[in-house]
Amino acid sequence: MTDQGDVPANEKDTAKTGFARMTGAFRRNREERGEERRARRHAQEEADARESAEVAKEAAAEARESAESFALRLVNQFERLREERQEQLAAPVPDRAPTAVTRANVPYGVEVAAQWGWRFIVIVAAGFLIVRALGYLSIVVVPVLVALLIAALVSPVVNGLARIGMRRSVSALFVVLGVLVAIIAMLSFAGTQVANGFSNLAGQTVKALDEIRDWLIHGPFNASENQVDTWFNTVQTTVEDWAAAYASNPFSRVSEVGGVALDVFAGLFIVLFSTYFFCAEGERIWGWLVRLAPRAARSRMDSSGRVAWVSLTQFTRATVIVAAVDAVGIMIVAAALQVPFVAAIGVLVFLSSFVPLVGATVAGAVAVLVALVSQGPLTALLMLGGVILVQQLEAHGLQPFLLGRWVRVHPLGVILAVATGIVLGGVAGALVAVPLVAALNAVATHLTASQATAQPSPPATSPAPPSAPPPSADGPTSPPPSSPGTGSL
């Protein structure tokens with residue numbers, strides 16, 4: 001029997017075997033970790049070696065490039081020195097060909113003038129194309145511009161009716177119909193007066209021609225009867241030839257008259273509808289146009305358009321006042337001299353005065369001609385004096401006060417604008433030239449002022465009290481002045 005305190009032999013063997021297995025597992029684990037560390041160290045060494053090789057390769061490439069660049073510069077320098085030496089040793093050539101002019105040889109003033117020149121050519125070409133396109137579409141453009149002027153004139157009335165509670169569309173319709181009725185009434189009254197007095201005027205014309213003939217013979221010209229008869233025969237022959245030329249092909253004349261009548265009807269239709277929509281939905285139309293511009297330019301475009309609308313409204317208001325004064329003054333002179341067609345002359349002067357400086361002169365010449373035919377040379381001279389007096393009072397008193405205060409366009413600018421408008425667009429161009437110049441002048445002044453206020457002021461040398469921050473360059477800090485037709489356009 002064995003002692004109970006002794007461990008059996010098989011249990012000892014089992015313990016030794018388990019310990020040996022555990023020891024072997026620890027050894028294998030330590031060896032595996034050592035192999036992993038050696039593998040990582042080897043991989044790191046290989047990566048470092050590759051990086052060092054790449055760095056060495058880049059350094060070698062840079063050194064090679066530097067050496068090549070240095071060698072190339074050295075060779076070029078030796079070549080230049082050799083060429084300069086050969087040029088110094090060579091005999092001078094008496095006649096040398098002119099060298100090509102480079103940009104460095106062009107004077108600065110010539111270069112700046114050339115840059116401005118081609119830009120000016122591009123601007124003129126673009127303006128020419130725009131004018132040609134507008135001329136091609138004159139049957140649409142001219143009525144729209146006339147409607148814009150009428151809308152600028154009647155927009156305060158539309159705004160007043162809208163403020164008292166009437167819908168804007170209804171008030172615009174009433175105003176447009178009122179303007180149409182007023183124009184038709186004026187033309188009908190003048191036409192009726194002309195038709196009623198035409199027969200008397202024909203008899204007075206023959207009598208006036210005889211008086212003119214006697215005045216040319218016995219007056220200061222002291223012309224002979226043969227000379228006067230020759231002049232009258234020449235005028236009569238010219239008129240007869242003109243009438244025969246127009247009567248030679250009546251069908252073509254009828255077609256021309258029909259085409260003109262169709263154009264007038266279409267233009268009147270466009271004027272009426274454009275005026276109505278400008279008065280009723282001008283704000284929506286202008287908002288749509290502003291949204292077509294780039295986002296950065298919308299603020300300035302909106303403020304510039306509203307300033308132009310204020311200038312256009314003030315111009316039309318001043319022009320109506322000036323035209324009414326001219327018409328009333330010339331009508332008073334014609335009535336005092338008992339010249340026929342007083343109302344027709346007044347209507348003609350009022351409508352023609354919308355072309356500044358030129359229209360009233362032409363209408364006054366018509367009034368003088370009527371006085372000459374109906375009353376004789378003395379009455380015509382008195383009528384001419386009255387027309388000149390009215391126009392001088394208007395030109396030197398009323399017009400500078402109104403146009404200079406509201407529109408701020410110099411008289412020379414008005415004359416040049418009217419002349420340019422007549423050359424480019426005839427009567428329609430003369431009608432819209434001055435309003436266009438007034439609007440452009442107002443926009444240019446507004447943009448210049450906004451840019452001047454947007455620039456930061458120079459730093460002061462002495463401490464100054466704090467001021468408000470400068471306005472943004474994207475547009476004016478405050479909204480533009482409200483137009484009399486704020487809801488129109």
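Which residues does S171 touch, not counting residues up to four places away in sequence? I looked this up first, taking contact as heavy atoms within 4.5 Å, and found that S171 touches V158, L161 and M166.

Before going on I noted that this is a predicted model, in which local features need pLDDT of at least 70, side-chain atom pairs count only at pLDDT 80 or more, and totals for chains, interfaces and linings use all residues. Residues are numbered from 1 along each chain as its sequence is written, and side-chain values use heavy atoms, with hydrogens and water left out.

I then placed S171 in helix α4, residues 168-218, where helices are DSSP runs of H or I with at least four residues, numbered from the N terminus. S171 counts as buried because its relative accessibility is 0%; buried means under 20% relative accessible area, exposed over 50% and partly exposed in between, with a 1.4 Å probe and protein chains only.

Next I searched the whole structure for aromatic pairs and found two. F269 and F273 form a tilted pair, 4.5 Å centre to centre with 40 degrees between the planes; rings of Phe, Tyr and Trp (its six-membered ring) pair if their centres lie within 6.5 Å, and planes under 30 degrees apart count as stacked, over 60 as edge-to-face and the rest as tilted. F269 and F273 are separated by about one helical turn because they lie four residues apart in helix α6, residues 250-292. The pair of Y276 and F277 is edge-to-face, because the ring centres are 5.2 Å apart and the planes stand at 70 degrees.

Finally I checked accessibility: F269 is partly exposed at 48%, F273 at 44%, Y276 at 22% and F277 at 35%.

Notes: Helix = DSSP H or I, 4+ residues; strand = E, 2+ residues; numbered from the N terminus.
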